[in-house]
Amino acid sequence: MKQDVYSNTIAVFNHLKDILKERAETLSEIISKVDRRVNITYKDLSLQAMQIKVAGDILDFQMHSNVFEFEQTHPMHKTGYIKAHPFNSYCSVINVYNFLADSYKYNRLNDVGYLIARVFVNRENRFFIETKTQIGYKYNNFSAAAVTKDELQSIVNELIIYSVAFDLYTPP
């Protein structure tokens, strides 16, 4: 069961890689006609890490290599989906962080990055998201069906919009 969870998460992460590459190319082409100072790039870091840079922000996607179970107090355990099949609550997670591009460029290791989304994938290739963005309301329970490319594209678009619109707070 845990191997199924892990395999599904690798597949979702690889779909995300393809989507991020495509979005970076498309957005870069569009923005270069408007303002050449704005850079949009994709960077594949490893089997479990990738980034998309949009202007001054970097979205850092990291797939965790382990499978997790939700605590029994988590609302997920109250759903019929989990009650019917308790193994469906085991998930792997893809974390998405928002960092300043300059934090990477200048190797500022103490700069704050923000966890803006966690994408959970289970053994049936269903998913849900914990996020600060609006799309979190749509996917706050396990999806009715297996994850699709269209859903992943919507998630990526929402995360890009959120990161660009997010204003910095002064450091403490």
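Colleague: Which element gives the largest share of the lining of the largest cavity?

Modeller: Helix 5, residues 149–165, with three residues. Helices here are DSSP runs of H or I, at least four residues, and strands are E runs of at least two, both numbered from the N terminus. A cavity is a set of points on a 1 Å grid over the protein atoms alone where a 1.4 Å probe fits but cannot get out, and lining residues have an atom within 4 Å of a point.

Colleague: Which residues line the largest cavity?

Modeller: L16, F61, V96, V119, L152, I155 and L159. The space in there is about 40 Å³. Volume is the space filled by probe spheres set on the points, with grid points joined across faces, edges and corners.

Colleague: And how many cavities of 30 Å³ or more does a search of the whole structure find?

Modeller: One. Bear in mind that this is a predicted model: local features need pLDDT of at least 70, side-chain atom pairs count only at pLDDT 80 or more, and totals for chains, interfaces and linings use all residues. Residues are numbered from 1 along each chain as its sequence is written, and side-chain values use heavy atoms, with hydrogens and water left out.

Colleague: Pockets next. What is the volume of the largest pocket?

Modeller: About 260 Å³. A pocket is an open set of grid points with protein on both sides within 12 Å along at least five of seven lines. The largest one has 16 lining residues, and L100, V112, Y114, L168 and Y169 lie nearest its centre. Strand 5, residues 90–100, gives the largest share of that lining, three residues.

Colleague: Switching to D60. Buried or exposed?

Modeller: D60 is buried, yet it has no salt bridge. Buried means under 20% relative accessible area, exposed over 50%, and partly exposed in between, with a 1.4 Å probe and protein chains only. A salt bridge needs a side-chain nitrogen of Lys or Arg within 4 Å of a carboxyl oxygen of Asp or Glu.

Colleague: Where is the nearest side chain of opposite charge?

Modeller: That is K43, 9.9 Å away. Lys and Arg count as positive, Asp and Glu as negative; His and the chain ends are not counted.

Colleague: What does the D60 side chain make a polar contact with, then?

Modeller: The side chain of Y104, at 2.5 Å, and that of Q62, at 3.4 Å. A polar contact is a pair of N or O atoms within 3.5 Å; within protein, one must be able to donate a hydrogen and the other to accept it, and residues adjacent in sequence count only if both atoms are side-chain atoms. D60 sits in strand 3, residues 57–63. Beyond four places in sequence, its contacts (heavy atoms within 4.5 Å) include M50, N95 and F99.

Colleague: How many salt bridges are there by this rule?

Modeller: Five. One of them joins R118 and E130, with the closest N and O atoms 2.5 Å apart.

Colleague: Why does that pair tie together parts that are 12 residues apart in sequence?

Modeller: Because R118 lies in strand 6 (residues 114–122) and E130 in strand 7 (residues 127–131). R118 is partly exposed at 29%, and E130 is partly exposed at 28%.

Colleague: What about D35 and R37?

Modeller: Their side chains meet in a salt bridge, 2.8 Å from N to O. R37 is exposed, at 70%.
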